[in-house]
Amino acid sequence: MKPEWTGERLETFLHNETALEHLHRYSVACSLAAGKDVLDLACGEGYGSALLARVADKVLGIDIDSATIHAAQQRYQLPNLRFAIHNAVSIENLGESFDLIVCFETLEHINEQEQLMKVFKKLLRPEGLLIISTPDKLNYSDRSGYQNPFHLKELYEDDFKRLITSHFSYSTFYRQNFIQGSLLQPESHNGMMQFYQGNYTAIQAVANPVHYWLAIGSDVPIKEPGTSIFQNREFLNQVTEEDVNAIKSSLSYRLGHFLLTPFKWIRNLLR
C-alpha cells in the first residue's frame, strides 16, 4: 500500500509531472558532479543523493526530518554516500567543504534565505558551484491561485535573481517548464540541447530521438527559425483518453474484466 503523500517531499512511488521536473534537475546536477565532493541539501527521500553518488567522489545528503534521513540511510547504502540530520540554515560549522552544492525546491520553505546563501558561500570551495531551484511565485502561485501550505517565502523572478547575483560573481539562469508537446529543433542546434531519460534509480544522457524531418529550401540565405515547442493540453488529454479506451477494448483487458466480475460482485456484497 502506498503511503499518503503530503506534498512536502517527492517520494519515489510518484510518477507524475513533479517527478519529471525533479529528475531533470538531478540529471543536470549529475552532469556537474563527476569526481566532486557534493552536498545535497534538503535531500528528502534520498534518491537524488544516490543518483549523484553514482558519478561523484563523495555525497552528503542532509535533511531536517529525522525519520526521512533514517529511511534514506536504510534504503540507499553506497560506500561514497552519507546522510545526516541538519537544519539547512545552521550548518556553516559542518567541518567540511564541497565542490558542488545541490539545493532543489528548498529555498521557498524557509524565511532565512539570506542566511542560507551565506551558508552556501562558507561551505563551497573557491571554485565550487551551487545549483539551486525554486518555484516562480508569479506563475506557481499568483496566476494559478494555488497556495502550497509548506512554502513560507516564495520568490518572484527579480527577487530570486537578486538573491543569487548578490552572493556570486557569476551566475546563469534557466527557465523550467513541464511540457508535453511537439519539439522542433534545427539540426544545426543538435548539440545545444541535451536529452535525459531514466527514473529514480538511474538517469542518463541520450541522443535526440528523431521521428520526423522538416526542411526549408531556398535559393537565397535562409533566416533559420529557432527551437520551438508546440503544446496543447486539451489534445494531450484526448490522446490519454484514446490510449485508455484502446486498452479497455483489448482482448486481454476484456477477458481479465470478465474473470474478475464475480469477485467484484462478492466484494460489493460484503461491504
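I start with helix α6, where the cover over the buried residues includes α4 (113-123) and β5. Before going further, two notes on what you are looking at. This is a predicted model, in which local features need pLDDT of at least 70 and side-chain atom pairs count only at pLDDT 80 or more, while totals for chains, interfaces and linings use all residues. Residues are numbered from 1 along each chain as its sequence is written, and side-chain values use heavy atoms, with hydrogens and water left out.

Some terms, then. Helices (H or I, at least four residues) and strands (E, at least two) are DSSP runs, numbered from the N terminus. Buried is under 20% relative accessible area, exposed is over 50%, and partly exposed lies in between, with a 1.4 Å probe and protein chains only. Contact, when I speak of packing or cover, means heavy atoms within 4.5 Å.

Back to α6. Its buried residues are Phe160, Leu163 and Ile164. They cover an arc of only 95° around the axis, so they sit on the same side of α6. The arc is taken from the directions that run from the helix axis to the C-beta atoms.

The helix, residues 157-165, also holds Arg162 and Asp159, 3 residues apart, about one turn. Their side chains meet in a salt bridge at 3.0 Å, N to O. By salt bridge I mean a side-chain nitrogen of Lys or Arg within 4 Å of a carboxyl oxygen of Asp or Glu. Both partners are partly exposed: Arg162 has a relative accessible area of 48%, and Asp159 has 28%.

Next, helix α3, residues 66-75. Which of its residues are buried? They are Thr68, Ile69 and Ala72. Seen down the axis, these residues fall within an arc of 95°, so they line one face of α3. That set packs against β2 (58-63) and β3 (81-85). On the other side of the helix, Ala67 and Gln74 are exposed.

How many salt bridges does a search of the whole structure find? The number is 8. One of them joins the side chains of Asp37 and Arg125, at 3.0 Å from N to O. Here too distant parts of the chain are linked, with Asp37 in strand β1 (residues 37-41) and Arg125 in strand β5 (residues 124-133), 88 residues apart. Asp37 is buried at 12%, and Arg125 is partly exposed at 27%. Salt bridges that share partners join Asp37, Asp99 and Arg125 into one network.

Last, the cysteines. A disulfide is a covalent bond between the sulfur atoms of two cysteines. The test used here is a pair of cysteine sulfur atoms within 2.5 Å, and the structure holds 0 disulfides. As for accessibility, Cys43 counts as buried at 5%, and Cys103 is buried at 0%.

That is what I have. Over to you.
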